[in-house]
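Please read this report alongside the sequence and the coordinates.

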Amino acid sequence: MTGRAGGRRATPQEIGARMKGERRVLLAVHENPDGDALGSIVAAGLVMEQLGVAWTGFVPGREPFPPELTWLPRLGDLVRGELPEAGDATLYTLDCASAARFGGEGVGAQFWVNIDHHPDNPLYGDFNLVDAGASSTTQILHGVLRAADLPLNAEIGTCLYVGVVTDTGRFQFSNTTPQAHRMAADLQDLGVDVHEVYRHVYENVPIAKVRLNRRAFENLRLLLDGRLAVSVLSVKDFRETGAEPGYTEGVIDGIRTIAGVRVAALVRERLTPTGTPELRVSLRSTDGKIDVSDIAHTWGGGGHVRAAGYTFHGRTEEGIAQLEREVAARQ
Ligand code: 5GP
Ligand code: MN
């Protein structure tokens with residue numbers, strides 16, 4: 001995918017100045033939203049509110065949000081399903097590596113601002129603020145708010161903090177930069193209660209998700225002499241544990257902890273409306289030496305070097321065999 005004609009990179013100051021001049025905006029994030037996507041869209045919406053800008057937030061899909069994130073403000077205001085008409089609103093896409101990620105191919109926005117931290121983002125907007133060195137999209141948003149002196153309070157800060165704490169694996173992953181810590185310190189100074197966020201996000205796990213996690217460990221397969229760990233969650237696993245699709249967020253973090261594992265994969269089976277089998281695959285590279293976004297690209301997916309995902313159209317055993325081959329070819 002190529003960028004829009006005349007599109008260019010823009011500075012945080014330019015984007016902030018544009019936000020101040022908006023009348024109406026349409027905000028969008030990727031399907032199966034995580035803490036960074038939801039934190040970004042809600043934070044941006046709250047900023048717009050403070051600026052007196054009318055906003056609509058859109059999240060593709062109709063599945064419930066991950067339970068650990070449902071306490072975030074304004075989630076009930078978000079539009080689900082089909083992308084609304086942009087009309088004269090400026091479109092802001094957040095945390096979207098491509099237009100396909102929010103179902104926006106062929107979108108008719110008059111002006112499009114692309115804020116993201118995925119290295120494979122093709123700069124599809126008119127204004128592009130893409131920083132692959134940023135831990136999270138909320139960190140980039142925080143930079144915009146600070147650079148342009150935009151509204152930032154404890155409520156907005158809490159949403160931004162959720163993005164950084166989840167995308168950095170609680171400040172443990174390799175994207176935990178000094179800037180991520182500085183942002184967190186700034187947000188704490190604003191009154192963000194980090195323990196309260198921890199309680200919501202990490203100590204509020206539905207028992208069905210705990211059971212799903214157990215299934216993920218039970219179903220674990222160690223391939224390539226233990227360098228590739230694959231866990232499959234079947235439709236039956238979801239049914240029997242009572243888990244919803246959104247309950248898989250973070251499940252892969254258990255799989256990646258196993259000694260010797262270089263690539264961790266969580267494979268979720270799902271049935272398309274037409275009944276054909278389909279797999280949602282999440283990948284993690286533990287030591288960063290195998291680029292999992294490169295593997296994900298094989299099937300039209302994407303992501304970061306150390307965290308990526310894709311959809312595989314086919315049966316589970318075929319999907320795992322193909323994944324094993326791709327990992328083996330990159331060792
Ligand atoms: P997760 O495994 O947590 O769903 O996603 C890990 C990373 O890969 C995230 O940065 C996410 O945006 C990206 N990602 C996951 N699935 C896809 C996909 O189908 N396409 C693209 N382009 N990126 C994906
Ligand atoms: Mn992100």
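## Basis

The structure is a predicted model. Every value quoted here is computed from that model.

## Surroundings of ligand 1

Ligand 1 is surrounded by 13 residues, and the closest of them are Arg101, His118, Arg280, Ser282 and Arg284. By class, the shell around ligand 1 consists of three nonpolar, seven polar and three charged residues. Strand 11 (277–285), strand 12 (302–303) and strand 13 (307–313) each contribute at least two residues to this shell. Strand 13 gives the largest share, four residues.

For arginine 101, a side-chain N or O atom is 3.1 Å from an oxygen atom of ligand 1. In arginine 280, a polar side-chain atom lies 2.8 Å from a nitrogen atom of ligand 1. For arginine 284, the distance from a side-chain N or O atom to an oxygen atom of ligand 1 is 2.8 Å. On its own, ligand 1 has 490 Å² of accessible area, of which the protein covers 86%.

## The manganese site

Ligand 2 is a manganese ion, with protein donors Asp36 (OD), Asp95 (OD), His117 (NE2) and Asp167 (OD) at 2.2 to 2.5 Å. Along the chain, these donors follow the spacing D-x58-D-x21-H-x49-D. Aspartate 95 and histidine 117 are 22 residues apart and link distant parts of the chain. Aspartate 95 sits in the loop between strand 5 (90–94) and strand 6 (112–116), whereas histidine 117 sits in the loop between strand 6 and strand 7 (127–130).

Six strands form an open sheet in the order 8-9-10-11-13-12, and their pairing is mixed. Strand 8 and strand 12 are the edge strands, each pairing on one side only. In general, the strands of a sheet pair through backbone hydrogen bonds, in parallel or antiparallel fashion. Strands 11, 12 and 13 of this sheet also each supply at least two residues of the shell around ligand 1.

Strand 9 pairs with strand 8 in antiparallel fashion through four bridges. It runs parallel to strand 10 (residues 263–271), to which six bridges join it. Alanine 229 in strand 9 is the bridge partner of leucine 222, and alanine 264 in strand 10 is the bridge partner of alanine 229. Six of the six residues of strand 9 are buried. Leu228, Val230 and Val232 lie on one face of strand 9, with Ala229, Ser231 and Leu233 on the other, and both faces are covered.

## The hairpin turn

Strand 8 and strand 9 form a hairpin with four residues between them. Leucine 224 lies in the loop between strand 8 (220–223) and strand 9 (228–233), and aspartate 225 lies in that loop too. Neither is a glycine, yet leucine 224 has a positive phi of about 50° and aspartate 225 has a positive phi of about 55°.

Aspartate 225 is exposed because its value, 76%, is over 50%.

Conventions
Residues numbered from 1 in each chain as written. Chains lettered and ligands numbered in written order. Predicted model: local features only at pLDDT ≥ 70, side-chain atom pairs only at ≥ 80, totals over all residues. Heavy atoms only, no water. Near = heavy atom within 4 Å. Polar contact = N/O pair within 3.5 Å; in protein donor to acceptor, adjacent residues only side chain to side chain. Areas by Shrake-Rupley, 256 points an atom, 1.4 Å probe, with all protein chains shown as cover. Nonpolar A, V, L, I, M, F, W, Y, C, P; charged D, E, K, R; others polar. Donors = N, O, S within 2.8 Å, 3.2 Å for Na, K, Ca; no water. Buried < 20%, exposed > 50% of the residue type's maximum accessible area, 1.4 Å probe, protein only. Pairing = 2+ DSSP bridges.
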